[in-house]
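Hi,

Here is the structure I said I would pass on. Have a look at it, and then read on for what turned up.

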Amino acid sequence: MALNNSNSIDKDWYLIKKITPYLYLIQENFEKIDSHYYTSFTNMYLIIGSHTALLFDTGTGIVNLKPYIKPIIKNHELIVINSHNHFDHVGGNYFFEETMIHRLDFKKLTKNMDLRFLSSSNSIVKNYLEKINYELSFANSMVPLNGDEVFELGGLKVNVIYTPGHTPGSICLYLDTGEIFTGDTFQLGAIFLPSTEIVNDYIVSLNKILNIATKFPNPKLYPGHEKIGLSINYIHELINTINLIETKTPVIDNHIISKIYDFTDFKLIFSME
Ligand SMILES: [Zn+2]
Ligand SMILES: [Zn+2]
């Protein structure tokens with residue numbers, strides 16, 4: 001269930017910014033929800049073509065996203081796509097009729113979401129989570145993607161890129177105008193990876209993004225968390241940083257059961273579970 005409108009946490013929960021005439025950023029403040037994940041904001045994106053709108057990610061689902069985006073979408077058709085299956089990106093799927101996700105991230109999305117692992121929410125969020133018994137409804141209908149789809153929004157094409165690493169079914173999207181939406185595959189700050197064994201696959205995915213970027217005179221990165229509109233040079237820097245892991249001693253974070261290699265622009269965080 002979602003909060004009703006009289007509840008105070010509903011108001012101003014999402015911050016919406018118009019980036020270009022066809023692109024909106026929707027931010028959810030992650031620190032209010034749990035401060036253990038080295039992130040302040042989750043970024044969702046709304047891309048508006050002449051007849052169809054595309055929403056990339058749905059946030060935690062703690063507050064209904066639909067009333068916030070309805071005035072922007074108006075009468076457009078709506079396509080909803082998840083970058084991957086983590087709770088901060090798929091939680092709001094149940095507000096929408098249908099959501100698409102890569103088939104390798106599809107399988108874990110079959111039951112209600114248990115949010116009991118959240119432990120440092122502020123008091124308003126905590127009260128709400130207690131009221132719903134730390135459980136969110138799951139998506140109405142899910143459609144699996146292969147990772148090579150193209151969506152025509154009317155004057156704008158959205159292309160899917162398959163970029164495994166952060167999760168087995170992580171995808172990125174890019175527009176034919178040069179914006180690349182990276183989900184959690186790339187962000188400036190914390191890079192979460194499930195194990196050190198997938199590093200090589202992950203670097204292949206980063207190179208895929210670099211390769212796509214060469215098609216455009218001025219490509220820009222729009223990550224699933226933190227800063228947006230970033231230069232592609234940060235991906236080169238990330239690859240160089242990953243290659244320096246062996247020169248660093250990791251720090252253990254017992255709360256998220258991970259080891260962290262802390263560099264200037266990136267924290268490489270490997271799960272130890
Ligand atoms: Zn994630
Ligand atoms: Zn995330």
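Which residues lie nearest the centre of the largest pocket? They are Tyr37, Asn85, His86, Phe87 and Phe117, out of 35 residues that line the largest pocket. Before I go on, some housekeeping: this is a predicted model, where local features need pLDDT of at least 70 and side-chain atom pairs count only at pLDDT 80 or more, while totals for chains, interfaces and linings use all residues. Residues are numbered from 1 along each chain as its sequence is written, chains are lettered from A and ligands numbered from 1 in the order in which they are written, and side-chain values use heavy atoms, leaving out hydrogens and water.

**Pockets**

A pocket here is an open set of points on a 1 Å grid over the protein atoms alone, where a 1.4 Å probe fits, with protein on both sides within 12 Å along at least five of seven lines; lining residues have an atom within 4 Å of a point. The largest pocket holds about 1100 Å³ of space, where volume is the space filled by probe spheres set on the points, joined across faces, edges and corners. Two or more lining residues each come from helix H2 (87-90), strand S7 (113-114), S14 and strand S19 (267-271). S19 gives the most, with three residues. Helices (H or I, at least four residues) and strands (E, at least two) are DSSP runs, numbered from the N terminus. By type, the lining of the largest pocket has 16 nonpolar, eleven polar and eight charged residues.

**The zinc site**

What holds the zinc ion (ligand 1)? Its protein donors (N, O and S atoms within 2.8 Å of the metal, or 3.2 Å for Na, K and Ca; water is not among the atoms, so sites may look incomplete) are His84 (NE2), His86 (ND1), His166 (NE2) and Asp184 (OD), at 2.1 to 2.3 Å. Along the sequence the spacing reads H-x1-H-x79-H-x17-D. Asp184 also bridges to the zinc ion (ligand 2), and the two ions lie 3.5 Å apart. His166 sits in the loop between strand S11 (157-162) and strand S12 (171-175), and Asp184, 18 residues away, in the loop between strand S13 (179-183) and strand S14 (190-193). Both His166 and Asp184 are buried, meaning under 20% relative accessible area (1.4 Å probe, protein chains only; over 50% is exposed, in between partly exposed).

Phe56, in strand S4 (residues 52-56), is buried at 1% relative accessible area.

Most residues other than glycine have a negative phi. Asp57, though not a glycine, has a positive phi of about 80 degrees; its place is in the loop between S4 and H1. Tyr134 also has a positive phi, about 55 degrees, and lies in the loop between helix H3 (123-131) and strand S8 (135-136).

Cheers

Definitions and conventions: Ala, Val, Leu, Ile, Met, Phe, Trp, Tyr, Cys and Pro count as nonpolar, Asp, Glu, Lys and Arg as charged, and the others, Gly among them, as polar.
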